[in-house]
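I opened this entry to keep track of what I looked up, one topic at a time. The structure goes in first, and my notes follow.

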Amino acid sequence: MSGFSDLPLHDGVLQRIEYDWQKRSIRLDISAFIEPGEPAVPHNLTFMGVQSLVCPQKDPWGPSMYINKPRSAPGHFVLEMQSGDEIVVEAAGFEFTRAAS
């Protein structure tokens, strides 16, 4: 994976968003389909150096907890949800790691 837009997040399940105001970090708990044909695996998508979070839940395409696709520009990260909502994070960077068991 070379960048945010390449993360294997399509059809992943967004389970939780946690914003640590003091640390300026956001952690998303996601069940992601890393290997084709295999079950989803719990992962954490963590943003560091956060400056902004926009997180609507208006469901313009209907309710869904599934991710459609990620995209990004420098310092600007977007998760398009299958509900049609877009979660937008302005941050210095991110890391995508397997969640601890």
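What radius of gyration would a compact globule with 101 residues have, and what does the protein chain have? I found that the globule would have one near 13 Å and the protein chain has 13 Å, so the two agree. The radius is taken over C-alpha atoms, and the globule rule is 2.2 Å times the number of residues to the power 0.38.

**Ground rules**

I note that this is a predicted model, where local features need pLDDT of at least 70, side-chain atom pairs count only at pLDDT 80 or more, and totals for chains, interfaces and linings use all residues. Residues are numbered from 1 along each chain as its sequence is written, and side-chain values use heavy atoms, with hydrogens and water left out.

**Overall**

I looked up the box next: the C-alpha atoms of the protein chain fill roughly 40 × 35 × 25 Å along the principal axes. I then listed the elements and got zero helices and eight strands. Both kinds are DSSP runs numbered from the N terminus, helices being H or I with at least four residues and strands being E with at least two.

I checked burial as well: 37% of the 101 residues count as buried. Buried means under 20% relative accessible area, exposed means over 50%, and partly exposed is in between, with a 1.4 Å probe and protein chains only. For contacts (heavy atoms within 4.5 Å), I took those with a separation of 6 or more, and residues 24 or more positions apart account for 50% of them.

**Sheet with β1**

I traced an open sheet of four strands in the order β1-β2-β3-β8, with antiparallel pairing. Two strands pair if DSSP finds at least two bridges between them. β1 (13-20) and β8 stand at the edges with a single partner strand each, so one side of each has no neighbour in the sheet. Neighbouring strands here are turned by 20° against each other on average, direction ignored. The axes behind such angles are lines fitted to C-alpha atoms (for helices, over the stretch in contact), and angles run from 0 to 180 degrees between N-to-C directions.

I went through the pairs in order. β1 and β2 pair over seven bridges, and D20 stands opposite S25 in β2. β2 and β3 pair over eight bridges, where S25 has M48 in β3 as its bridge partner. β3 and β8 (residues 93-98) pair over six bridges, and T46 stands opposite E95 in β8.

Is β3 enclosed or open? Six of its eight residues are buried, so β3 is largely enclosed by the rest of the structure.

**Sheet with β7**

I found another open sheet of four strands, in the order β4-β7-β6-β5, again with antiparallel pairing. β4 (52-54) and β5 (67-73) are at the edges, each with a single partner strand, so one side of each is left without a neighbour in the sheet. The twist averages 10° from one strand to the next.

β4 and β7 are joined by three bridges, and L53 has V89 in β7 as its bridge partner. β6 and β7 are joined by five bridges. In that pair, F77 has V89 as bridge partner, and V78 has V88. β6 and β7 form a hairpin with four residues between them, and G84 in the turn has a positive phi of about 95°.

**Nonpolar core**

Which residues have the most contacts inside the largest nonpolar core? I noted F4, L9, L28, I30, L45, F47 and L79, in a core of 19 residues. β2 (25-32), β3 (41-48), β6 (76-81) and β7 (86-90) each give two or more residues to this core, and the largest share, four residues, comes from β2. Such a core is a set of buried Ala, Val, Leu, Ile, Met, Phe, Trp, Tyr and Cys residues joined through side-chain atoms within 4.5 Å.

I followed F47 further. Leaving aside neighbours within four places in sequence, its contacts include F4, L28, F77, V89 and F94.

**S31**

I ended with S31, which lies in strand β2. At 12% relative accessibility, S31 counts as buried. Its side chain makes a polar contact of 3.1 Å with that of Q15. A polar contact is a pair of N or O atoms within 3.5 Å; within protein, one must be able to donate a hydrogen and the other to accept it, and residues adjacent in sequence count only if both atoms are side-chain atoms. Not counting residues up to four places away in sequence, S31 touches G12, V13, Q15, A40, V41 and P42.
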